[in-house]
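Welcome! Here is a short tour for anyone meeting this structure for the first time. Please have a look at the sequence and the model below, and then read on.

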Amino acid sequence: MNDVVTGVFAFLFGACIGSFIQLGSTVTGGTGTLHYLWQPSTALNSDTIPNPSINSYDGVPVTYTVTVTDSLGCSTHDTTQILPLANC
């Protein structure tokens with residue numbers, strides 16, 4: 001059995017209000033089809049894809065968690081945090 005290992009592109013980054021933001025995950029390992037779940041799903045274009053986006057960041061600090069599960073039920077998770085930039 002292969003464990004799923006995930007890495008999220010940005011662990012902590014700043015964004016301007018109204019910015020487009022692309023989240024992403026890099027996955028190694030796992031067996032079969034991988035299933036993604038991003039939480040919270042608020043503002044995301046989809047919460048079940050590897051690289052969801054936020055079309056217009058509202059400036060509220062948020063921490064997203066992505067959980068990746070393979071076809072054998074092995075799963076893991078990682079987080080990324082978005083903070084508003086002060087000088088935009």
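Let us begin with Cys 88, which counts as exposed at 59% relative accessibility. Here exposed means over 50% relative accessible area, buried means under 20%, and partly exposed lies in between (1.4 Å probe, protein chains only). Cys 16 is partly exposed, with a relative accessible area of 24%. A disulfide links Cys 16 with Cys 88, at an S to S distance of 2.0 Å; the term stands for a pair of cysteine sulfur atoms within 2.5 Å. By this rule the count comes to one disulfide.

What does this bond tie together? Cys 16 sits in the loop between β2 (12-15) and β3 (21-22), while Cys 88 belongs to the segment after β8 (75-84), so the pair connects parts that are 72 residues apart in sequence. Strands such as these are DSSP runs (E, at least two residues), numbered from the N terminus. The torsion about the S-S bond of Cys 16 and Cys 88 is about -80°, so the disulfide is left-handed. As for Cys 74, this residue counts as buried at 11% relative accessibility.

## How the model is read

This is a predicted model, in which local features need pLDDT of at least 70 and side-chain atom pairs count only at pLDDT 80 or more, while totals for chains, interfaces and linings use all residues. Residues are numbered from 1 along each chain as its sequence is written, and side-chain values use heavy atoms, with hydrogens and water left out.

The loop between β5 (35-39) and β6 holds Pro 40. A cis peptide bond joins Gln 39 and Pro 40, with omega at about -5°. Ala 43 also lies in the loop between β5 and β6. Although Ala 43 is not a glycine, its phi is positive, about 75°, and at 49% relative accessibility Ala 43 counts as partly exposed.

Is Ser 53 buried or exposed? Ser 53, in strand β6 (residues 53-54), is buried, with 6% relative accessibility. Leaving aside neighbours within four places in sequence, Ser 53 is in contact (heavy atoms within 4.5 Å) with Phe 20, Ile 21, Gln 22, Ala 43, Leu 44 and Asn 45.

Strand β7 (residues 62-69) runs antiparallel to β8, and eight bridges join them. Strands pair if DSSP finds at least two bridges between them. Val 68 has Thr 76 as its bridge partner in β8. The two strands β7 and β8 form a hairpin with five residues between them, and Gly 73 in the turn has a positive phi of about 90°.

Terms used: Helix = DSSP H or I, 4+ residues; strand = E, 2+ residues; numbered from the N terminus.
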